[in-house]
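Let's take a friendly walk through a protein model together.

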Amino acid sequence: MLSDDELERYARHIVLHEVGGPGQAALKRARVLVVGAGGLGAPALLYLAAAGVGTLGVVDDDVVSLSNLQRQVIHATPDLGRPKVESAAAAIERLNPHVAVEAHGVRLSAENALALIAQYDLVADGSDNFATRYLVSDACFFANKPLVTAAVGVFDGTLTTIRAHEKSGDGRPNPTYRCLFPEPPPEGTIPACAEAGILGAFTGVIGSLLALEVIREIVGFGEGLVGRLLMVDARALRFQTLSYAWDPKNPLTGEEASIHDLSVHVGRTR
């Protein structure tokens, strides 16, 4: 049930035919884990909280630094030195007291990923490195959870939805993250944003799209991004979509799968 305050707060959602009261109630029931409270996670968390997602989990072991504030809009100058999960929780409370926040101030690892992800209905990955992205995607497969994953480079961004634990309409498995990107790039070939730079507004665009895709997955309207990769070019302000499919050679769900648990991620730095 939605309270009178919630009915007024979410009125612009409720009048949408594609959302309505049932969709808003689904958002209220939903439990979403957001990986990373940084450039992508920050705007995603704000929009998911504003949308009325009932429970938001936030996993991040970092603290707020001055250089974060150019793009990580959930944090503010008084939060410098504060754990990001605490800063994010406080901002969400100010924005929407109807949303419960579960703060996980830990580094996601092979040892804790399954236990964390099992507590939620859906995972939104806004992490900033390949090791975490592969860990999260593999863990979501083993936990039977849908994943919406986003990434940004200097002037390029991507977004897709992974439901690798399910089958497509033709009976074949849905593609995994490893079907799309079989191997991470060699160490050192992709510079971190501290070296290459990043436009704060661009992380806001991709983080907002991340939140939008999560909302679409929860409410169930439109055409989802399973098997489709949205690519955004900030230089040309161009949006393109690439289709991809299950790869029978992928090591997670392929015909000769070699990954059967998260032990492949033990000891990998993130």
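Begin with an arginine and a ring: R133 lies over the face of F130, at 4.9 Å from the ring centre. Elsewhere, the charged end of R31 sits over the ring of Y120, 4.8 Å from the centre of that ring. A charge counts as sitting over a ring if NZ of Lys or CZ of Arg is within 6 Å of the ring centre and within 35 degrees of the ring normal.

A word on what you are looking at: this is a predicted model, in which local features need pLDDT of at least 70 and side-chain atom pairs count only at pLDDT 80 or more, while totals for chains, interfaces and linings use all residues. Residues are numbered from 1 along each chain as its sequence is written, and side-chain values use heavy atoms, with hydrogens and water left out.

A search of the whole structure finds 3 aromatic pairs. In one of them, Y134 and Y177 are edge-to-face, with 5.1 Å from centre to centre and 85 degrees between the planes. Y134 lies in helix 7 (residues 130-143) and Y177 in helix 8 (residues 177-180), so this pair ties together parts that are 43 residues apart in sequence. For pairing, the rings of Phe, Tyr and Trp (its six-membered ring) must have centres within 6.5 Å; planes under 30 degrees apart are stacked, over 60 edge-to-face, and the rest tilted. Helices (H or I, at least four residues) and strands (E, at least two) are DSSP runs, numbered from the N terminus.

Are these two tyrosines buried or exposed? Y134 is buried at 4% relative accessibility, and Y177 is buried with a relative accessible area of 6%. Buried means under 20% relative accessible area, exposed over 50%, and partly exposed in between (1.4 Å probe, protein chains only). Y134, Y177 and F181 form one aromatic cluster. For a contrast, turn to G267, in the segment after strand 8 (238-243): this glycine counts as exposed, at 70% relative accessibility. G267 and Y134 are 133 residues apart in sequence and 14 Å apart in space, C-alpha to C-alpha.

Next comes helix 4 (residues 41-51). Here 8 of the 11 residues are buried, so helix 4 is largely enclosed by the rest of the structure. Among the buried ones are L45, L48 and A51. What do the buried residues of helix 4 pack against? Their partners include strand 1 (31-35), strand 2 (55-59), helix 5 (84-95) and helix 10 (200-219).

The axes of helix 4 and helix 10 come within 7 Å and cross at roughly 40 degrees, so the two are oblique to each other. Axes are lines fitted to C-alpha atoms, for helices over the stretch in contact, and angles run from 0 to 180 degrees between N-to-C directions. Angles under 35 degrees count as roughly parallel, over 145 as roughly antiparallel, 65 to 115 as roughly perpendicular and the rest as oblique. Residues that meet here include P43 and L48 in helix 4 and G207 and V214 in helix 10; contact means heavy atoms within 4.5 Å. With helix 5, the axes of helix 4 come within 10 Å and cross at roughly 35 degrees. That contact involves L45, L46, A49 and A50 of helix 4 and A88, I92 and L95 of helix 5.
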